[in-house]
Amino acid sequence: MERPEAEEVNSNECENMSRKKEISEECEANTMDSLLEMPFATIDTKDDCGLTDVPQINLEGSEENEWISKDQIKKKKKKHKGYQPNYFLSIPITNKEITGGIKILQNAIIQEDKRLAKAMTSDGSFHITLLVMLLHEDEVNIGVDALLELKPFIEEILQGKHLTLPFQGVDTFGHHVGFVKLAEGDHMNPLLEIAEAAKRTFQEKGILAGESRSFKPHLTFMKLSKVPWLRKVGVKKIDPKFYEKFISHRFGEEVVHRIDLCSMLKKKQSNGYYHCESSIVIGKRPIGIRDLINEALQRERMVLKSKVKQIKELLFQPEIQAKIRRELFEERSINNSNQENDVDFTATLT
């Protein structure tokens with residue numbers, strides 16, 4: 001008599017476990033698609049759904065223990081939900097040899113499957129992501145300050161030398177994101193030092209910055225997540241055969257001359273590049289006078305924006321608003337009184 005009951009319980013448990021697995025896989029897929037839309041592709045997504053490494057609820061314990069466990073789960077979910085990067089430090093790739101080679105690569109892949117055309121990174125957007133971060137509207141100025149403070153650290157690392165980045169070969173992240181690889185060489189150490197200095201500088205400002213995984217510089221040229229319907233028609237991976245001719249291809253070298261603080265979410269510029277809040281010029285560059293002027297203008301603009309923000313905050317204070325209303329009322333009363341006196345004086349003359 002007891003055996004069928006046990007089998008029914010086991011059946012229900014299996015059904016629940018199966019359902020939990022489906023929910024977990026669906027949540028993980030949605031999270032991955034969301035993150036791959038950003039201009040970075042190495043964020044650790046392990047706990048984004050709050051389904052792993054979470055304290056288990058003790059069903060035999062007290063209601064208090066159960067409440068504590070649920071509270072811990074909520075806090076963990078909130079923590080991961082709160083850190084969704086929306087800004088990043090970008091090293092723009094402008095060498096026409098590199099960008100031209102990438103266009104040839106993209107066209108070769110499109111020839112293999114025309115459905116992949118919209119998955120390609122657009123012209124003007126090619127870059128290396130140095131650091132990702134979360135900046136609220138009132139923290140953008142802090143981010144700009146951190147970028148300006150980063151410049152002397154970079155100059156100290158480079159010691160007046162150029163930082164040249166050679167690009168060679170193609171690879172993918174999980175067959176979902178295609179990128180041109182940064183070749184190994186002496187340039188890697190100073191680049192990693194700059195990335196670490198950037199992370200430290202922004203974090204010391206109280207900014208949520210950095211990733212859980214180690215920094216892996218790469219130049220993205222396509223993302224399947226840019227075209228959600230591809231999954232529905234069976235295109236779930238980038239076929240290695242599409243880019244096998246470029247596995248060892250030398251794309252060229254980029255001399256780093258600028259680092260930008262860019263928004264992932266704001267409208268891109270007319271040239272296809274990301275919205276840029278501020279920039280710093282690094283290394284030796286003969287035509288640096290224009291960049292220096294732009295940098296000075298950017299700094300002045302941010303100072304003005306900061307002052308405007310302070311004025312707005314001041315005007316929203318209840319006591320200030322009450323004072324303004326009071327002064328306007330008094331001024332209106334005086335004006336009305338003066339108008340009445342003018343009418344009386346005119347009547348007296350007539």
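Modeller: Buried means under 20% relative accessible area, exposed means over 50%, and partly exposed lies in between (1.4 Å probe, protein chains only). This is a predicted model: local features need pLDDT of at least 70, side-chain atom pairs count only at pLDDT 80 or more, and totals for chains, interfaces and linings use all residues. Residues are numbered from 1 along each chain as its sequence is written, and side-chain values use heavy atoms, with hydrogens and water left out.

Biologist: What makes D260 and R258 a salt bridge?

Modeller: The term needs a side-chain nitrogen of Lys or Arg within 4 Å of a carboxyl oxygen of Asp or Glu. The closest N and O atoms of D260 and R258 are 2.8 Å apart, so the pair qualifies. R258 is partly exposed, at 22%.

Biologist: How many salt bridges does a search of the whole structure find?

Modeller: Five. One of them joins R115 and D113, with closest N and O atoms 3.0 Å apart.

Biologist: How do you know which class R115 and D113 fall into?

Modeller: R115 has 37% relative accessibility, so R115 is partly exposed. D113 has 12%, so D113 is buried.

Biologist: What makes K205 and E149 a pair?

Modeller: Their side chains meet in a salt bridge at 2.7 Å, N to O. K205 lies in the loop between α5 (188–204) and β5 (208–209), and E149 in helix α4 (residues 140–158), so the pair ties together parts 56 residues apart in sequence. K205 is partly exposed at 31%, and E149 is partly exposed at 38%.

Methods. Helices (H or I, at least four residues) and strands (E, at least two) are DSSP runs, numbered from the N terminus.
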